[in-house]
Amino acid sequence: MEADLTLHVNGQPHALRVDPATPLLYVLRNQLALNGPKFGCGLQQCGACMVVLNGNLAWPSCQLPVAEVLHMTITTLEGLTRPDGSLHPLQQAFIDEQVPQCGYCLNGMVMSAAALLQQDPKPNEEEIRNSLYRVLCRCSVHSRAIKAIKRASEMS
Ligand code: FES
Ligand code: FES
């Protein structure tokens, strides 16, 4: 049954009428037109749908009911861009290191790394590798992604 809810996404409150059991990913993409998070497996297995909760927790949104995140802040890939339009150091570093192949996994890579850098601005390589454990990449760009995350940590 639908209800009136407010989600806090990318620094803005959004009033919505939605079934509280709806997965967050569907609300982000279909109602808020935020297409950074991707639908991959729908089973919390691939990481394509990753968002950051409360500033420093990367979590897949494809099976997360919106009822569970009403009191959390939600950041999507779109929310990393600075208010003046400049790119987040991670976004710039992923471009500089030419990480993308098909790009489908990149939302998960970047959002996982964003949460890591919030927890630890200067992570070592093992910490970076561990931060990506939930993200599957069919194109095998992990080594370039690790270089980009290191580069971003040096830029910030
Ligand atoms: S789509 Fe959410 S983890 Fe794969
Ligand atoms: S770049 Fe294609 S899935 Fe990672």
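1. The fold contains an open sheet of 5 strands, ordered β2-β1-β5-β3-β4, and its pairing is mixed. The edge positions are taken by β2 and β4 (57-60). Each of these has a single partner strand, so one side of each lacks a neighbour in the sheet. On average, neighbouring strands are turned by 40° against each other, direction ignored. Note that this is a predicted model.

2. Strands β1 (residues 3-9) and β2 (residues 12-18) run antiparallel and are joined by 7 bridges. Within this pair, threonine 6 lies opposite alanine 15 of β2. The two strands make a hairpin with 2 residues between them. Asparagine 10, in the turn, has a positive phi of about 50°.

3. Strand β3 (residues 50-53) pairs with strand β5 (residues 73-75) through 2 bridges, in the antiparallel sense. Valine 52 has threonine 75 in β5 as its bridge partner.

4. Helix α1 (residues 24-31) packs on the sheet and touches β1, β2, β3 and β5. The direction of α1 makes about 100° with that of β2. Helix α3 (residues 106-119) also packs on the sheet, where it touches β3, β4 and β5. The direction of α3 makes about 20° with that of β3.

5. Helices α2 (residues 89-96) and α5 (residues 142-155) have axes that come within 8 Å and cross at roughly 135°. The two helices are therefore oblique to each other, and their crossing is right-handed. From α2, Pro89, Leu90, Gln92, Ala93, Phe94 and Asp96 meet Ala145, Ala148, Ile149, Arg151, Ala152 and Met155 of α5. The residues of this contact comprise 9 nonpolar, 1 polar and 2 charged.

Technical notes: Residues numbered from 1 in each chain as written. Chains lettered and ligands numbered in written order. Predicted model: local features only at pLDDT ≥ 70, side-chain atom pairs only at ≥ 80, totals over all residues. Heavy atoms only, no water. Pairing = 2+ DSSP bridges. Helix = DSSP H or I, 4+ residues; strand = E, 2+ residues; numbered from the N terminus. Axes fitted to C-alpha atoms, helices over the stretch in contact; angles between N-to-C directions. Parallel < 35°, antiparallel > 145°, perpendicular 65-115°, else oblique. Left-handed = near helix turned anticlockwise from the far one by under 90°. Contact = heavy atoms within 4.5 Å. Nonpolar A, V, L, I, M, F, W, Y, C, P; charged D, E, K, R; others polar.
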